[in-house]
Amino acid sequence: MTDLSLARKEPSAAEARRDLVLRAAQRVFEEKGLDGASIRLIAKAAGCTTGSIYPYFTGREEIYAELLSRSLDDYERFLTSRIVRGASPSLRFEAALSAHFEFYDKRRSDMSLALYLFNGLKPQGLTPQLDVRLNVQLGAIQAIFATCVRELTGATGREVDDEVGAHLAMLFGLLVLHHTRRTRVLRTDARVLLRRHIRQSLSRLQGGPGSA
(Lines give C-alpha, C1' and ligand atoms only; values in the text may rest on other atoms or scores of the structure.)
Protein backbone atom coordinates (compact mmCIF):
# COMPACT_ATOMS: atom_id res chain seq x y z
CA MET A 1 0.00 0.00 0.00
CA THR A 2 1.40 3.39 -0.99
CA ASP A 3 2.00 5.92 1.76
CA LEU A 4 0.34 8.96 0.24
CA SER A 5 1.91 11.25 2.84
CA LEU A 6 5.30 10.51 1.31
CA ALA A 7 4.22 10.70 -2.32
CA ARG A 8 5.65 13.61 -4.28
CA LYS A 9 3.23 15.73 -6.22
CA GLU A 10 4.22 15.81 -9.86
CA PRO A 11 3.94 19.23 -11.51
CA SER A 12 1.27 19.60 -14.15
CA ALA A 13 2.21 20.22 -17.77
CA ALA A 14 1.30 23.88 -17.35
CA GLU A 15 3.42 24.23 -14.21
CA ALA A 16 6.34 22.56 -15.95
CA ARG A 17 6.10 24.93 -18.92
CA ARG A 18 5.86 27.91 -16.60
CA ASP A 19 8.96 26.79 -14.68
CA LEU A 20 10.80 26.31 -17.98
CA VAL A 21 10.03 29.89 -18.94
CA LEU A 22 11.20 31.17 -15.54
CA ARG A 23 14.50 29.29 -15.73
CA ALA A 24 15.11 30.59 -19.23
CA ALA A 25 14.18 34.12 -18.19
CA GLN A 26 16.69 34.11 -15.35
CA ARG A 27 19.44 33.18 -17.81
CA VAL A 28 18.38 36.01 -20.11
CA PHE A 29 18.26 38.52 -17.24
CA GLU A 30 21.75 37.46 -16.18
CA GLU A 31 23.09 37.95 -19.72
CA LYS A 32 21.09 40.93 -20.98
CA GLY A 33 19.84 42.69 -17.86
CA LEU A 34 16.26 43.70 -17.24
CA ASP A 35 16.34 46.46 -19.88
CA GLY A 36 17.91 44.21 -22.49
CA ALA A 37 15.58 41.27 -21.91
CA SER A 38 12.50 40.73 -24.03
CA ILE A 39 9.75 38.15 -24.33
CA ARG A 40 11.24 37.16 -27.68
CA LEU A 41 14.65 36.45 -26.14
CA ILE A 42 13.08 34.60 -23.22
CA ALA A 43 10.98 32.49 -25.60
CA LYS A 44 14.07 31.66 -27.64
CA ALA A 45 15.98 30.61 -24.53
CA ALA A 46 13.03 28.48 -23.40
CA GLY A 47 12.64 26.88 -26.82
CA CYS A 48 9.07 28.06 -27.27
CA THR A 49 7.09 30.75 -29.06
CA THR A 50 6.32 34.15 -27.60
CA GLY A 51 2.63 33.33 -27.82
CA SER A 52 3.08 30.37 -25.49
CA ILE A 53 4.45 32.66 -22.74
CA TYR A 54 1.58 35.15 -22.56
CA PRO A 55 -0.93 32.75 -20.98
CA TYR A 56 1.39 32.72 -17.95
CA PHE A 57 2.95 36.19 -17.91
CA THR A 58 1.93 39.57 -19.30
CA GLY A 59 5.49 40.76 -19.80
CA ARG A 60 9.10 40.67 -18.68
CA GLU A 61 8.36 42.69 -15.53
CA GLU A 62 5.90 40.09 -14.32
CA ILE A 63 8.42 37.32 -15.01
CA TYR A 64 11.09 39.22 -13.09
CA ALA A 65 8.71 39.76 -10.19
CA GLU A 66 7.87 36.05 -10.06
CA LEU A 67 11.55 35.10 -9.99
CA LEU A 68 12.24 37.61 -7.24
CA SER A 69 9.17 36.55 -5.26
CA ARG A 70 10.24 32.91 -5.35
CA SER A 71 13.75 33.87 -4.32
CA LEU A 72 12.46 35.91 -1.38
CA ASP A 73 10.27 32.99 -0.28
CA ASP A 74 13.30 30.70 -0.31
CA TYR A 75 15.35 33.29 1.55
CA GLU A 76 12.73 33.81 4.26
CA ARG A 77 12.41 30.07 4.85
CA PHE A 78 16.19 29.69 5.04
CA LEU A 79 16.54 32.66 7.38
CA THR A 80 13.80 31.43 9.70
CA SER A 81 15.20 27.89 9.79
CA ARG A 82 18.54 29.23 11.03
CA ILE A 83 17.15 31.68 13.56
CA VAL A 84 14.85 29.20 15.32
CA ARG A 85 17.88 27.13 16.26
CA GLY A 86 19.24 29.95 18.42
CA ALA A 87 18.67 29.42 22.12
CA SER A 88 19.29 33.04 23.09
CA PRO A 89 18.80 36.53 21.58
CA SER A 90 22.51 36.84 20.84
CA LEU A 91 22.58 33.50 19.03
CA ARG A 92 19.47 34.40 17.02
CA PHE A 93 21.00 37.75 16.04
CA GLU A 94 24.19 36.00 14.95
CA ALA A 95 22.20 33.39 13.04
CA ALA A 96 20.26 36.05 11.15
CA LEU A 97 23.37 37.84 9.90
CA SER A 98 25.20 34.59 9.11
CA ALA A 99 22.18 33.16 7.28
CA HIS A 100 21.92 36.24 5.07
CA PHE A 101 25.55 35.92 4.02
CA GLU A 102 25.30 32.16 3.53
CA PHE A 103 22.17 32.33 1.36
CA TYR A 104 23.45 35.01 -1.01
CA ASP A 105 26.96 33.58 -1.03
CA LYS A 106 25.60 30.37 -2.53
CA ARG A 107 22.98 32.06 -4.72
CA ARG A 108 24.70 34.97 -6.38
CA SER A 109 22.01 35.34 -9.03
CA ASP A 110 19.38 35.72 -6.31
CA MET A 111 21.33 38.64 -4.87
CA SER A 112 21.32 40.33 -8.26
CA LEU A 113 17.58 39.79 -8.39
CA ALA A 114 17.08 41.23 -4.91
CA LEU A 115 19.17 44.33 -5.62
CA TYR A 116 17.87 44.76 -9.20
CA LEU A 117 21.48 44.51 -10.36
CA PHE A 118 20.22 42.95 -13.60
CA ASN A 119 19.17 46.52 -14.36
CA GLY A 120 22.49 48.07 -13.49
CA LEU A 121 23.04 50.44 -10.58
CA LYS A 122 20.01 52.62 -11.22
CA PRO A 123 16.94 52.57 -8.99
CA GLN A 124 13.91 51.07 -10.65
CA GLY A 125 10.74 49.32 -9.65
CA LEU A 126 8.58 47.11 -11.80
CA THR A 127 4.92 48.13 -11.79
CA PRO A 128 2.96 49.59 -8.85
CA GLN A 129 1.04 46.33 -8.41
CA LEU A 130 4.11 44.12 -8.56
CA ASP A 131 6.07 46.45 -6.29
CA VAL A 132 3.34 46.23 -3.64
CA ARG A 133 3.50 42.43 -3.67
CA LEU A 134 7.29 42.36 -3.39
CA ASN A 135 7.37 45.05 -0.73
CA VAL A 136 5.10 42.91 1.45
CA GLN A 137 7.63 40.09 1.24
CA LEU A 138 10.53 42.44 1.94
CA GLY A 139 8.64 43.86 4.90
CA ALA A 140 8.18 40.39 6.37
CA ILE A 141 11.92 39.75 6.08
CA GLN A 142 12.76 43.11 7.61
CA ALA A 143 10.42 42.27 10.50
CA ILE A 144 12.40 39.10 11.22
CA PHE A 145 15.61 41.09 11.57
CA ALA A 146 13.80 43.72 13.62
CA THR A 147 12.60 41.07 16.05
CA CYS A 148 16.16 39.84 16.50
CA VAL A 149 17.35 43.37 17.28
CA ARG A 150 14.47 44.08 19.69
CA GLU A 151 15.06 40.83 21.56
CA LEU A 152 18.73 41.64 21.90
CA THR A 153 18.51 45.31 22.83
CA GLY A 154 14.98 46.14 23.95
CA ALA A 155 15.02 49.01 21.44
CA THR A 156 11.87 50.11 19.61
CA GLY A 157 10.73 52.22 16.68
CA ARG A 158 13.15 54.11 14.49
CA GLU A 159 16.17 52.89 16.43
CA VAL A 160 15.37 49.32 15.41
CA ASP A 161 14.79 50.26 11.75
CA ASP A 162 18.10 52.11 11.59
CA GLU A 163 19.93 49.19 13.20
CA VAL A 164 18.45 46.69 10.75
CA GLY A 165 19.23 48.97 7.82
CA ALA A 166 22.83 49.34 8.91
CA HIS A 167 23.36 45.58 9.15
CA LEU A 168 21.72 44.82 5.81
CA ALA A 169 23.77 47.54 4.14
CA MET A 170 26.94 46.05 5.60
CA LEU A 171 25.97 42.52 4.60
CA PHE A 172 25.09 43.37 1.00
CA GLY A 173 28.21 45.51 0.67
CA LEU A 174 30.34 42.67 1.97
CA LEU A 175 28.69 40.24 -0.45
CA VAL A 176 29.32 42.55 -3.40
CA LEU A 177 33.00 42.74 -2.48
CA HIS A 178 33.05 38.97 -2.00
CA HIS A 179 31.38 38.10 -5.31
CA THR A 180 33.49 40.57 -7.29
CA ARG A 181 36.64 39.26 -5.55
CA ARG A 182 37.51 42.74 -4.31
CA THR A 183 38.22 41.27 -0.89
CA ARG A 184 41.33 39.71 -2.43
CA VAL A 185 42.53 43.15 -3.49
CA LEU A 186 41.91 44.30 0.07
CA ARG A 187 43.84 41.24 1.29
CA THR A 188 41.08 40.06 3.57
CA ASP A 189 38.35 37.43 3.69
CA ALA A 190 34.63 38.15 3.70
CA ARG A 191 33.87 35.55 6.37
CA VAL A 192 36.53 36.98 8.66
CA LEU A 193 34.98 40.42 8.26
CA LEU A 194 31.52 39.00 8.89
CA ARG A 195 32.59 37.32 12.13
CA ARG A 196 34.28 40.53 13.27
CA HIS A 197 31.17 42.57 12.47
CA ILE A 198 28.95 40.17 14.42
CA ARG A 199 31.31 40.13 17.40
CA GLN A 200 31.64 43.91 17.53
CA SER A 201 27.90 44.40 17.00
CA LEU A 202 27.04 42.10 19.87
CA SER A 203 29.49 43.90 22.14
CA ARG A 204 28.02 47.27 21.19
CA LEU A 205 24.38 46.29 21.36
CA GLN A 206 24.76 44.46 24.65
CA GLY A 207 26.74 47.28 26.22
CA GLY A 208 30.07 45.49 26.24
CA PRO A 209 33.57 47.02 26.16
CA GLY A 210 33.86 49.74 23.58
CA SER A 211 30.12 50.14 23.12
CA ALA A 212 28.80 53.55 22.23
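Predicted model: local features only at pLDDT ≥ 70, side-chain atom pairs only at ≥ 80, totals over all residues.
**Exercise 1. The fold**

Task: State how many helices and strands the protein chain has, and what pattern they follow along the sequence.

Solution: 
- Step 1. The protein chain holds 9 helices and 0 strands.
- Step 2. Reading along the sequence therefore gives α-α-α-α-α-α-α-α-α.
- Step 3. Of the 212 residues in the protein chain, 38% are buried.
- Step 4. Take the contacts between residues at least 6 apart in sequence: 66% of these join residues at least 24 apart.
- Step 5. The protein chain has an accessible surface of about 12,200 Å², and carbon and sulfur atoms account for 54% of that surface.

**Exercise 2. The largest pocket**

Task: Describe the volume of the largest pocket, the helices that line the pocket and the classes of its lining residues.

Solution: 
- Step 1. The volume of the largest pocket is about 290 Å³.
- Step 2. Its lining consists of 18 residues, and those nearest the centre are Leu72, Ala114, Leu138, Ile141 and Phe172.
- Step 3. Four helices each give at least two residues to the lining: α3 (60-83), α4 (89-106), α6 (128-153) and α7 (158-179).
- Step 4. Helix α6 provides the largest share, with 7 residues.
- Step 5. Sorted by class, the lining has 13 nonpolar, 4 polar and 1 charged residues.

**Exercise 3. His179**

Task: Decide whether His179 is buried or exposed, and list what His179 touches beyond four places in sequence.

Solution: 
- Step 1. His179 belongs to helix α7.
- Step 2. The relative accessible area of His179 is 12%. The cut-off for buried is under 20%, so His179 counts as buried.
- Step 3. Leaving out residues up to four places away in sequence, His179 touches Tyr104, Asp105, Arg108 and Met111.

**Exercise 4. Salt bridges between sequence neighbours and within a helix**

Task: For the salt bridges Glu31 with Lys32 and Asp74 with Arg77, give the distance between the closest N and O atoms and classify each partner by accessibility.

Solution: 
- Step 1. Side chains of opposite charge can pair when their charged atoms come close. The model has 15 salt bridges in total.
- Step 2. In the salt bridge between Glu31 and Lys32, the closest N and O atoms are 4.0 Å apart. The cut-off is within 4 Å.
- Step 3. Glu31 is exposed at 62% relative accessibility, whereas Lys32 is partly exposed at 44%.
- Step 4. For Asp74 and Arg77, the closest N and O atoms are 2.5 Å apart. Both residues are in helix α3, separated by 3 residues, or about one turn of the helix.
- Step 5. Asp74 has a relative accessible area of 26% and is partly exposed; Arg77 has 53% and is exposed.

Conventions
Residues numbered from 1 in each chain as written. Heavy atoms only, no water. Buried < 20%, exposed > 50% of the residue type's maximum accessible area, 1.4 Å probe, protein only. Contact = heavy atoms within 4.5 Å. Areas by Shrake-Rupley, 256 points an atom, 1.4 Å probe, with all protein chains shown as cover. 1 Å grid on protein atoms, 1.4 Å probe; cavity = no way out; pocket = protein on both sides within 12 Å on 5 of 7 lines; lining within 4 Å. Points joined across faces, edges and corners; volume = space filled by probe spheres on them. Nonpolar A, V, L, I, M, F, W, Y, C, P; charged D, E, K, R; others polar. Salt bridge = Lys/Arg side-chain N within 4 Å of Asp/Glu carboxyl O.
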